[in-house]
Amino acid sequence: MNILGAMQDWEMRTSLLIDHAAREHGGREIVTQWADGSRTRTTWAGVRRDALKMVQALRRLGIAPGDRVATLAMNHGRHLVAWYGATGAGGILHTINPRLFDDQLDYIANHAGDRVLIYDAAFQALVDRMRPHWKTIEHYICFDSGEHALHFEDWIGAEDGDAEWAQGSERDPCMLCYTSGTTGHPKGVLFEHRSNMLHTYAAIMPQCLDLDARAAVLPVVPMFHANNWGFPWAAAAVGAKLVYCANNDAATLCRLMHAEGVNYLAGVPTVWLALLQHIEETGQAMPPLTRALTGGSAMPRAIIERLMRHGIRVAHAWGMTETSPIATIAFEPADYDDRDLDGQVAVKALQGKALFGIELRTVDLDDPARVLPRDGKSAGALQVRGLWVIRRYFKAEQDTADTDQWFDTGDVAMLHPDGTLQLTDRTKDVIKSGGEWISSVELENCAVAHPAVAEAAAIGIPHPKWDERPILVVVKKPGMDVTVEELRSLLAAGVAKWWLPDAIEFVDDIPHTGTGKISKKDLRERFGDYRLDV
Ligand code: AMP
């Protein structure tokens with residue numbers, strides 16, 4: 001006989017989070033420091049009120065559940081309102097990365113079918129340039145100016161906030177984030193209310209983000225990156241203070257952290273390096289940080305140690321847009337307190353262990369049917385599955401995860417006997433510089449367009465500031481010549497400036513795999529001792 005459960009019917013939707021934050025932590029502040037240095041403040045109660053006004057304003061525009069509402073914006077309190085306003089209206093918030101190229105911006109807004117775009121005035125030129133290409137956007141609203149579009153504050157200010165959140169299934173989609181971490185067009189990751197909520201429960205745990213009401217968090221990671229690592233949701237769950245900053249230079253961040261009592265900073269390793277350098281060079285006092293979250297790229301051990309020597313608890317996470325994003329975290333094991341500093345740093349320098357809700361395995365790179373042992377020696381393709389892991393990209397016809405739900409991450413890793421993850425390489429042909437992706441394939445395609453280039457391969461080389469920078473390795477055609485300068489200007493015409501390789505090296509041959517493809521693994525090994533001039 002089937003017996004029904006006897007608990008209450010609640011759909012896990014993001015509006016529960018903002019209702020809770022406003023009810024239980026209503027006075028806790030959300031602070032924004034804008035590009036001109038001015039600061040504005042709201043509270044969780046204020047965010048809820050404004051988000052409800054936005055729900056009304058969206059409905060007035062005819063935006064229905066499932067419609068895409070895009071933002072093109074840096075981190076600020078109004079952007080936070082848009083997270084809750086768009087998702088609270090049943091819409092799908094599509095956070096666009098303004099650092100993408102025009103053809104990518106063209107592709108993703110059209111592919112997403114965005115109907116509304118809310119943007120920062122700082123991106124006005126980009127919006128003007130792209131507007132003729134964006135076929136589906138009907139409404140343009142500007143977060144911080146009324147000069148070229150309706151001002152966000154005027155738009156929601158016309159409403160009274162007397163509205164209800166959209167109801168629906170917890171499996172409804174609510175966020176869309178494109179990732180360009182692989183070749184070809186960017187792919188859309190469509191998060192659900194439920195996946196965000198489960199990720200939030202996991203994220204606030206002491207052995208994950210360790211967030212509570214005392215936390216004053218400055219997420220340096222942009223809101224258009226991988227769900228902002230979940231902070232807009234997680235901070236609401238516990239009533240943490242959020243502090244946003246338009247400028248991410250270390251001096252500004254430091255001053256703001258002192259002024260606002262920020263005790264929790266989240267950023268890619270580049271941010272941590274710049275902060276430590278600034279403090280050490282200026283002799284300034286360390287901001288009152290107790291916790292540091294790093295992710296997005298491997299964190300150099302020396303930086304972890306320097307932070308720990310300042311008495312900061314370091315959390316090193318691994319994840320990706322496709323995993324909402326946090327999947328593993330280096331937390332303190334049972335014997336942590338018995339270890340010396342070196343032993344503790346060693347724990348934090350690896351990518352940590354799977355959160356409850358996530359499973360990991362590695363498989364043989366050549367024979368994916370062979371699952372590798374957790375022996376701390378066998379490196380293979382890292383696969384992940386779990387409660388907040390992607391099944392299929394937006395509008396894709398097929399699942400990207402296999403029939404057992406394993407999703408191939410494009411990372412190469414080994415698992416230690418205790419389950420600790422250690423990333424060793426990547427199979428995806430991309431380079432991550434300062435937290436942003438550079439496509440090796442695009443660089444190579446540009447280079448081989450030169451008549452004297454026989455073959456070209458771009459690989460990432462470790463860089464002290466940007467984690468990785470590209471170099472381009474080139475084989476010339478017999479009897480033909482080309483200079484570094486010529487190649488440089490050819491590439492400059494085809495890719496963004498920050499994609500340009502830090503060095504171009506001419507070689508006699510490039511290694512190939514058995515199937516004739518360029519073997520990036522062998523090439524990286526060959527350039528293992530290569531050092532960039534910095
Ligand atoms: P994204 O989807 O842009 O967040 O990028 C995810 C990718 O960043 C992962 O697949 C890894 O290649 C890389 N990554 C993320 N976290 C780490 C980490 N802690 N250590 C090394 N690489 C990382």
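Before I turn to the sheets, a word on terms: two strands are taken to pair if DSSP finds at least two bridges between them. Please also keep in mind throughout that what you are looking at is a predicted model.

With that in hand, let me take the open sheet, in which seven strands follow the order S7-S6-S5-S3-S4-S8-S9 and the pairing is mixed. Strand S7, residues 150-151, and strand S9, residues 187-192, stand at the edges, and because each has a single partner strand, one side of each is left without a neighbour in the sheet. Within that order, strand S4, residues 92-95, and strand S8, residues 173-179, pair in the parallel sense over two bridges, and there His94 stands opposite Leu176 of S8.

Another pairing to look at is that of strand S1, residues 29-33, with strand S2, residues 39-43, which run antiparallel and are joined by five bridges. Thr32 stands opposite Thr40 in S2, and in the hairpin that these two strands make, with five residues between them, Gly37 takes a positive phi near 90 degrees.

Now to the ligand. Which residues come nearest to it? Of the 16 residues around the ligand, the nearest are His316, Ala317, Thr321, Asp411 and Lys428. By class, the residues of this shell divide into six nonpolar, six polar and four charged.

Taken alone, the ligand exposes 500 Å², and the protein buries 94% of that. The elements that give two or more residues to the shell are strand S14, residues 313-319, and strand S20, residues 421-426, with S14 supplying the largest share, four residues.

Most residues other than glycine have a negative phi, and most peptide bonds are trans. Against that background, Ser324 has a positive phi of about 75 degrees although it is not a glycine, and a cis peptide bond, with omega about 10 degrees, joins Ser324 to Pro325. Ser324 lies in the loop between S14 and S15, as does Pro325, with strand S15 spanning 326-330. At 1% relative accessibility, Ser324 counts as buried. A positive phi, near 70 degrees, is also found at Lys395, again a residue other than glycine, and Lys395 sits in the loop between strand S18, residues 380-386, and strand S19, residues 407-415.

Finally, the cysteines. How many disulfides does the structure hold? The count is zero. For Cys177, the closest cysteine sulfur is that of Cys174, and because the two sulfurs are 12 Å apart, they are too far for a bond. Cys208 is in no disulfide either, the nearest cysteine sulfur, that of Cys177, being 18 Å away. Cys177 counts as buried at 3% relative accessibility, and Cys208 is buried too, with a relative accessible area of 3%.

That is where I will stop, and I am glad to take questions.

Methods: Residues numbered from 1 in each chain as written. Predicted model: local features only at pLDDT ≥ 70, side-chain atom pairs only at ≥ 80, totals over all residues. Heavy atoms only, no water. Near = heavy atom within 4 Å. Areas by Shrake-Rupley, 256 points an atom, 1.4 Å probe, with all protein chains shown as cover. Nonpolar A, V, L, I, M, F, W, Y, C, P; charged D, E, K, R; others polar. Disulfide = S-S within 2.5 Å. Buried < 20%, exposed > 50% of the residue type's maximum accessible area, 1.4 Å probe, protein only.
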